[in-house]
Amino acid sequence: MESNSNNNQGAALTEKGESVELPENHMRARRVIREIVVQLTSARTKGELGAILAREILGYSMFDLQIIGGRLNIEIDSLPSPYRESIRPYFREQLFGKHHHLLALHYSGAFDRMTAPVQDPETFRKFCEMLPEGCFAWDDSSERNPYFRNPKNRIFYYLIAAFTMFVLDEPGHPVGMPFPGGFSVEQRGKDYYCLIRDKEKEVFYSICNFCPAHQTEDP
């Protein structure tokens, strides 16, 4: 995917793999995202990574967070009942619970004391390489709210995921998060298990491809 973007800086892929031309504001956003990736890949310890993530997250205003929360609520509300009611608190924890946790560690100075290396640097590198395309791959051409069609909001999702998976070493989706069929993300001792861990390989921008959870055995 990286070679594709290098050949055509003004294009991106939809979730169906189709190439589309980017408007100028999205081209600027892509350059910003690439700069963020350079910063992320410079991190060697969990503390360094946490500090970089906190600096980026602090750039989001209350208005930005309200827009992100509004988009999340719309996506949850589109799910069938009673699944949407059961999964709502887990989606909110995935984004805003971890957002609060990240900033709490930042303000406490905890990242200065985190000297352990990023646990899986190769997977982290691949995660970072995915970001420039992943932030533009979602198909939102039918979205009528212009604030929702904002790559800055998409990179927020990935920054929080990076904190969860590579600083905390936790799965991208919270423990207990239910999936259709009655399965959920599990914790067994210090290890995590997820039924869909290896089911998203064709979706290159899915955080599941970089998650530290193990694949749950199929029933």
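Arg125 and Glu129 form a salt bridge in which the closest N and O atoms are 2.5 Å apart, a salt bridge being a side-chain nitrogen of Lys or Arg within 4 Å of a carboxyl oxygen of Asp or Glu. Because they are 4 residues apart in helix H6, Arg125 and Glu129 are separated by about one helical turn. Arg125 is partly exposed at 34% relative accessible area, and Glu129 is partly exposed as well, at 38%; here buried means under 20% relative accessible area, exposed means over 50%, and partly exposed lies in between, with a 1.4 Å probe and protein chains only.

The model is predicted, so local features need pLDDT of at least 70 and side-chain atom pairs count only at pLDDT 80 or more, whereas totals for chains, interfaces and linings use all residues. Residues are numbered from 1 along each chain as its sequence is written, and side-chain values use heavy atoms, with hydrogens and water left out.

**Salt bridges**

Side chains of opposite charge can pair when their charged atoms come close. In this model the count comes to 13 salt bridges, and three of them are set out below.

| Salt bridge | Closest N and O atoms |
|---|---|
| Arg125 and Glu129 | 2.5 Å |
| Arg88 and Asp77 | 2.7 Å |
| Glu133 and Arg30 | 3.3 Å |

Glu133 forms its salt bridge with Arg30. Glu133 lies in helix H6 (residues 121–134) and Arg30 in helix H2 (residues 24–41), so this pair ties together parts that are 103 residues apart in sequence. Glu133 is buried, with a relative accessible area of 0%, and Arg30 also counts as buried, at 1%.

Arg88 forms a salt bridge with Asp77. This pair links Arg88 in helix H5 (residues 83–108) with Asp77 in helix H4 (residues 62–77), 11 residues apart. Arg88 is partly exposed at 25% relative accessible area, and Asp77 is partly exposed at 43%. Elsewhere, Glu93, Lys98 and Glu170 are linked in a network of salt bridges.

**Aromatic rings**

There are 9 aromatic pairs, where rings of Phe, Tyr and Trp (its six-membered ring) pair if their centres lie within 6.5 Å, and planes under 30 degrees apart count as stacked, over 60 as edge-to-face and the rest as tilted. The rings of Tyr157 and Tyr158 have centres 5.2 Å apart and planes at 70°, so this pair is edge-to-face. Tyr157 is partly exposed, with a relative accessible area of 21%, whereas Tyr158 is buried, at 1%. Both tyrosines belong to one aromatic cluster, which also holds Phe124, Phe127, Phe166 and Phe210.

**The whole chain**

The chain has 7 helices and 7 strands, which are DSSP runs numbered from the N terminus, with helices (H or I) of at least four residues and strands (E) of at least two. Along the sequence they follow the pattern α-β-β-α-α-α-α-α-α-β-β-β-β-β. Of the 219 residues, 46% count as buried.
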